[in-house]
Amino acid sequence: MGTNQHLIRSILAIMKQGGIKVNDNLRLMPDPILTGRSSEKLKALAEAHGPPAIGKPLKYTTDLHSALGDANYSIFFDASGTLQRAQFVEMAG
């Protein structure tokens, strides 16, 4: 996930404003799982942008297959480099 454009200015901004109001009875709240190759970098990113900014820790993993297989997550967003994109989208399909 692109740190500035995708995580901070989009996902975290939506979370900070309380989600997206769909109607009077429904509000959608993003619940991202950050994925990548480096557990240390992911942990630092999650800690830097989780509490107190959004009130809860950001989830992260280096196990993309496990994240894609989690039934609680039905949306996949890819912000990888162009050369990796096809492979990750195929994995998510």
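Student: What makes the radius of gyration of the protein chain agree with that of a compact globule?

Tutor: This is a predicted model, in which local features need pLDDT of at least 70, side-chain atom pairs count only at pLDDT 80 or more, and totals for chains, interfaces and linings use all residues. Residues are numbered from 1 along each chain as its sequence is written, and side-chain values use heavy atoms, without hydrogens and water. The radius is taken over C-alpha atoms, and the globule rule is 2.2 Å times the number of residues to the power 0.38. For 93 residues a compact globule would have a value near 12 Å; the protein chain has 14 Å, which agrees.

Student: Why is Ala-67 called buried?

Tutor: Buried means under 20% relative accessible area, exposed over 50%, and partly exposed in between (1.4 Å probe, protein chains only). Ala-67 has 14%, and is therefore buried. Ala-67 lies in helix α3 (residues 64-69); helices (H or I, at least four residues) and strands (E, at least two) are DSSP runs, numbered from the N terminus.

Student: Which residues is Ala-67 in contact with, leaving aside its neighbours within four places in sequence?

Tutor: They are Ile-33, Thr-35 and Thr-61, where contact means heavy atoms within 4.5 Å.

Student: How do you know that the buried residues of α2 line one face of the helix?

Tutor: In α2 (residues 39-49), Leu-42, Leu-45, Ala-46 and His-49 are buried. Seen down the axis, these residues fall within an arc of 95°, so they line one face; the arc is that of the directions from the helix axis to the C-beta atoms. The face turned away from the buried side carries the exposed residues Glu-40, Glu-47 and Ala-48.
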